[in-house]
Amino acid sequence: MITGTTMDQLQGFSTMGEKHKPVGEEDVRALLDRDYGIRDASISMIPTERDDTFSVSMKGEGTPRFILKVEHPAESYDAVLLRARSLRCLEESDSSIPATRLLPTRGGGLVSRLDSVEGVRWATLTTFLRGRLLARIPRPWPDSLSDG
C-alpha cells in the first residue's frame, strides 16, 4: 500500500484520460504480417480504457487464437518489456499455470514496434485464454478464485 500518495501522483495514472487515435485495422494487419507472419486473420477490437486491444482469429476459426495489445502512445518501451518479461518468467517457472503465453516476433523479440501518426507505440501478442469473467460468476465465489 502506498500511503500519502494520491492516484494522480502515481506514474502512468495521468495518461489514463489522455485521448489517442485508435490503431486502424490496416496497421494491425501490417504488424501481424510483418512481425508474426500472420495473414488473412479476422481481427476484432476489444474495448479497453487505455490501449488498443484486438482478438485475432485465424481464417475459418470462430474462436480467437491470439490477443494483440497495442499500448497507449504514452506507454514506455521499458514498461511494456517488463510486462512481457513477466509473462515469459511465469511460463518458464511453471507452465501448468493457466495464463496467456507471449509469442515472440519473427526476430525473437518480446515486444513489437508500431509507428503511428502519434509516434511509436509498442505491442505484444499473446495466446487467447478461454475463461469466464469473475463478474459473471454468481457469488459466493469459490475460495480458489479469491484470496479469502
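**Contacts along the chain**

I began with contacts, taken as heavy atoms within 4.5 Å. Among those between residues at least 6 apart in sequence, 54% join residues at least 24 apart. The model is predicted, so I noted its terms: local features need pLDDT of at least 70, side-chain atom pairs count only at pLDDT 80 or more, and totals for chains, interfaces and linings use all residues. Residues are numbered from 1 along each chain as its sequence is written, and side-chain values use heavy atoms, with hydrogens and water left out.

**Elements and surface**

I looked up the secondary structure next and found two helices and six strands. Both kinds of element are DSSP runs numbered from the N terminus: helices are H or I with at least four residues, strands are E with at least two. Along the sequence I read α-β-β-β-α-β-β-β.

For the surface I used Shrake-Rupley areas with a 1.4 Å probe; for residues, only the protein chains shown count as cover. The protein exposes about 10,000 Å². Carbon and sulfur atoms supply 52% of that area. I called a residue buried under 20% relative accessible area, exposed over 50%, and partly exposed in between. Of the 148 residues, 30% count as buried.

**Strand β6 and its partners**

I then followed β6, which spans residues 119-127. Strands pair here if DSSP finds at least two bridges between them.

- β5 (residues 112-116) pairs with β6 in the antiparallel sense over five bridges. A hairpin of two residues joins β5 to β6. I found Ser-116 opposite Gly-119, and Arg-113 bridged to Trp-122.
- β3 also runs antiparallel to β6, with five bridges. Leu-68 has Leu-125 as its bridge partner.
- β4 (residues 102-103) is joined to β6 by two bridges, again antiparallel. Leu-103 has Leu-125 as its bridge partner in β6.

I kept one general point beside this entry: in a regular strand the side chains alternate between the two faces of the sheet.

**Nonpolar cores**

Which residues touch the most other members of the largest nonpolar core? A core here is a set of buried Ala, Val, Leu, Ile, Met, Phe, Trp, Tyr and Cys residues joined through side-chain atoms within 4.5 Å. The largest has 17 residues, and the answer is Val-28, Leu-32, Ile-38, Val-56, Leu-68, Val-70 and Leu-125. α1 (25-36), β2, β3 (66-70) and β6 each supply at least two residues. The largest share, four residues, comes from α1.

I checked Leu-32 in detail. Not counting residues up to four places away in sequence, Leu-32 touches Gly-37, Ile-38, Ile-43, Val-56, Leu-68 and Leu-125. Another core lies apart from the largest one; it has seven residues, among them Val-80, Leu-81, Leu-110 and Trp-122.

**The aromatic pair**

I searched for ring pairs next. Rings of Phe, Tyr and Trp (its six-membered ring) pair if their centres lie within 6.5 Å; planes under 30 degrees apart count as stacked, over 60 as edge-to-face and the rest as tilted. I got one aromatic pair. The ring centres of Tyr-77 and Trp-122 are 4.7 Å apart and the planes stand at 65 degrees, so the pair is edge-to-face. Tyr-77 is partly exposed at 33% relative accessibility. Trp-122 is buried at 17%.

Is Thr-53 buried or exposed? I found Thr-53 in strand β2 (residues 52-57), and at 8% relative accessibility Thr-53 counts as buried. The side chains of Thr-53 and Asp-51 make a polar contact of 2.7 Å. That term means a pair of N or O atoms within 3.5 Å; within protein, one must be able to donate a hydrogen and the other to accept it, and residues adjacent in sequence count only if both atoms are side-chain atoms. Leaving aside neighbours within four places in sequence, Thr-53 is in contact with residues including Met-45, Ile-67 and Leu-68.

Met-45 was my last stop. Met-45 sits in strand β1 (residues 42-46) and is partly exposed, with a relative accessible area of 42%. Beyond four places in sequence, Met-45 is in contact with Pro-22, Asp-52, Thr-53 and Phe-54. I also took the C-alpha to C-alpha distance from Met-45 to Ser-55: 6.4 Å in space, for 10 residues apart in sequence.

Methods: Buried means under 20% relative accessible area, exposed over 50%, partly exposed in between (1.4 Å probe, protein chains only).
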